[in-house]
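Here are a few notes to go with the model. Have a look at it first, then read on.

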Amino acid sequence: MCGRLSQYRGIHDFVAALSMPNALANSVGDQPIERYNVAPTTQVVLLHLQGDVLHADAVRWGWRPHWAKDRAAPINARVEKVAHGPFFRAIWPHRAITPIDNWFEWVDEGGPKKQPYLIRRRDGAPILCAAIGQLPDADEGPGEHGGFVIITADSAGGMVDIHDRRPVVLAPDLAREWIDPETPKERAKQMVLHQGEPAKIFEWFMVDPAIGNVRNQGRNVILPC
């Protein structure tokens, strides 16, 4: 996963896709998000549970532990290592969903520049990506070292031709289980290792190379070219 995505629906559309009856604490507003070209280090909307309340918060995309100040903050975490490696140990219990409309990858097709592709669900539904992070506290608000990473796995099927890694996407029932604080850590690990949505539910197509410039934020960057 190369690190660019879109979030343009409103938060209530994403919550509806998650199908959770919980009360919603919404700090991101009710209007469509309308961000078509979302880059790392910027604020990205996450959904997470605190008690019985579902929280919608904007959190910085990228995180590193306090002791790794000499390293760049990763934006993704490999599913094969995330549950047991020391780097993400502090945030592994703090699970969230990053709801997105699509993500982008760049493919070397022999031209002078790599060709960007957009990947989305074939059925048009929101994509519910498994994430972990240092998340805002309901009482204290965002912390100084807040941030999150998206969990990624090996690609499969035709998606391998686009990129060898992809986000772990969960069906709504598994996404609800993923963010439930009562879900055991071992169960959470098995979910992201073995129960992510298959490649066949996605489609992809070429888009304008303008997506490579983060200043290009119009809807045109998600249209086929």
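1. Which residues of helix H3 (residues 185-194) are buried? They are Ala 188, Lys 189, Met 191 and Val 192. Buried means under 20% relative accessible area, exposed over 50%, and partly exposed in between, with a 1.4 Å probe and protein chains only. Helices (H or I, at least four residues) and strands (E, at least two) are DSSP runs, numbered from the N terminus.

2. Before going further: this is a predicted model, where local features need pLDDT of at least 70, side-chain atom pairs count only at pLDDT 80 or more, and totals for chains, interfaces and linings use all residues. Residues are numbered from 1 along each chain as its sequence is written, and side-chain values use heavy atoms, with hydrogens and water left out.

3. Now look down the axis of H3: its buried residues fall within an arc of 160 degrees, so they line one face of the helix. That arc is taken from the directions from the helix axis to the C-beta atoms. In general, an α-helix has 3.6 residues a turn, so residues three or four places apart point the same way.

4. What do the buried residues of H3 pack against? Their partners are strands E7 (95-100), E10 (127-134) and E11 (147-154), plus helix H2 (172-179); contact means heavy atoms within 4.5 Å.

5. Check the loops too. Ser 19, between helix H1 (11-18) and strand E2 (23-26), has a positive phi near 60 degrees although this residue is not glycine. With 46% relative accessibility, Ser 19 counts as partly exposed. Glu 34, in the loop between E2 and strand E3 (35-38), also isn't glycine, and its phi is near 55 degrees.
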